[in-house]
Amino acid sequence: MKQLRGGYNIVGLSQGNLIGRAVVEYCDDGPPVKNFISLGGPHAGTASVPLCGSGFFCIIVDALIKLEIYSDYVQEHLAPSGYLKIPTDMADYLKSCRFLPKLNNEIPDKRNATYKERFSSLENLVLIMFQDDAVLIPRETAWFGYYPDGAFDPVLPPQKTKLYEEDWIGLKTLDEAGRVKFVSVPGGHLGISKGDMKKYIVPYLTNKKASVTVSDLLVAIWHAVLGLALAEGDDAVLI
């Protein structure tokens, strides 16, 4: 796309953030991603399966996921299993979880320096956590915070995780360069206000040469967030 040759920005909503990061880390010869704005992303994983609802089918699905989360069948057919990280079952997670361990460069003998190089090339990484988020467990995963291996307590801040300390994907590099913004806003999962969108998102999307106004951007983002909050699946990458 000619419009993207000079680079573009990504706004990720919930699990769509992981797809957005995969674009940054995995894609060869693509245009650069400049600013990555993440709303409620399970970047370090989630320790509980997001319930799909209260119907009979959902109850069966949820039970199946919890029983066989790292089985081939569940990994092949249910997307959330690809980023469900049980801290007391790290061996199976690293061996059989098919998406997040690779994305986060967690597998010791398979770490890829290119993923780190590409992710740390971002101009800005904005990580927005929702203070009352009950979908992501723990909510601090939106900042790359998580539980220590082998326990569900305490929740480690991002700077105390191995991913950060050993700089597996370049998060430490970005942070030390002042290019990571850790933002906490009121509300439940994806429940961001227009005021907070204008404050924390729009500044990274404006282009003085473009004819799109701040109001246009605000309306577009607001409708996208509302639409995903009401939809069955909440993954999205907005470009």
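Modeller: Helix α1 (residues 16-26) is largely enclosed by the rest of the structure, because 8 of its 11 residues are buried. Buried means under 20% relative accessible area, exposed means over 50%, and partly exposed lies in between (1.4 Å probe, protein chains only). Helices (H or I, at least four residues) and strands (E, at least two) are DSSP runs, numbered from the N terminus. The model is predicted, so local features need pLDDT of at least 70 and side-chain atom pairs count only at pLDDT 80 or more, while totals for chains, interfaces and linings use all residues. Residues are numbered from 1 along each chain as its sequence is written, and side-chain values use heavy atoms, with hydrogens and water left out.

The buried set in α1 consists of Gly16, Asn17, Leu18, Gly20, Arg21, Ala22, Val24 and Glu25. Arg21 has a polar contact of 3.0 Å, side chain to side chain, with His43. A polar contact is a pair of N or O atoms within 3.5 Å; within protein, one must be able to donate a hydrogen and the other to accept it, and residues adjacent in sequence count only if both atoms are side-chain atoms. Along the chain, His43 and Arg21 are 22 residues apart, and their C-alpha atoms are separated by 9.1 Å. His43 belongs to the loop between β2 and α2 (56-67) and counts as buried because its relative accessibility is 0%. Not counting residues up to four places away in sequence, the residues that His43 touches include Asn17, Leu18 and Arg21, as well as Leu100, Asn104 and Phe144; contact means heavy atoms within 4.5 Å.

The largest nonpolar core has 22 residues, and Phe119, Leu122, Leu125, Phe144 and Leu171 touch the most other members. At least two residues of this core come from each of β1 (8-13), β2 (33-39), β3, α7 and α8. β3 gives the largest share, 3 residues. A nonpolar core is a set of buried Ala, Val, Leu, Ile, Met, Phe, Trp, Tyr and Cys residues joined through side-chain atoms within 4.5 Å. Leaving aside neighbours within four places in sequence, Leu171 is in contact with Leu125, Phe144, Leu163, Tyr164 and Val180. Another core, of 14 residues, lies apart from the largest one and has Leu39, Ile128, Val183 and Leu205 among its members.

Tyr164 also meets Asp175, through a side-chain polar contact of 2.7 Å. Asp175 sits in helix α8 (residues 171-176). Although buried, Asp175 has no salt bridge, and the nearest side chain of opposite charge is Lys181, 8.6 Å away. Here Lys and Arg count as positive and Asp and Glu as negative, with His and the chain ends not counted. A salt bridge is a side-chain nitrogen of Lys or Arg within 4 Å of a carboxyl oxygen of Asp or Glu.

Elsewhere the charged residues do pair up, and the whole structure holds 7 salt bridges. In one of them, Arg98 and Glu76 meet at 3.4 Å, N to O. Arg98 is in the loop between α4 (90-96) and α5 (100-103) and Glu76 in helix α3 (residues 72-77), so this pair links distant parts of the chain, 22 residues apart. Asp167 is joined to Lys116 by a salt bridge whose closest N and O atoms are 3.5 Å apart. Because Asp167 lies in the loop between α7 (162-165) and α8 and Lys116 in helix α6 (residues 113-119), the pair ties together parts that are 51 residues apart in sequence. Asp167 is buried at 10% relative accessibility, whereas Lys116 is partly exposed at 29%.

For the chain overall, there are 10 helices and 5 strands, and 46% of the 239 residues count as buried. Of the contacts with a separation of 6 or more, 65% are between residues 24 or more positions apart.
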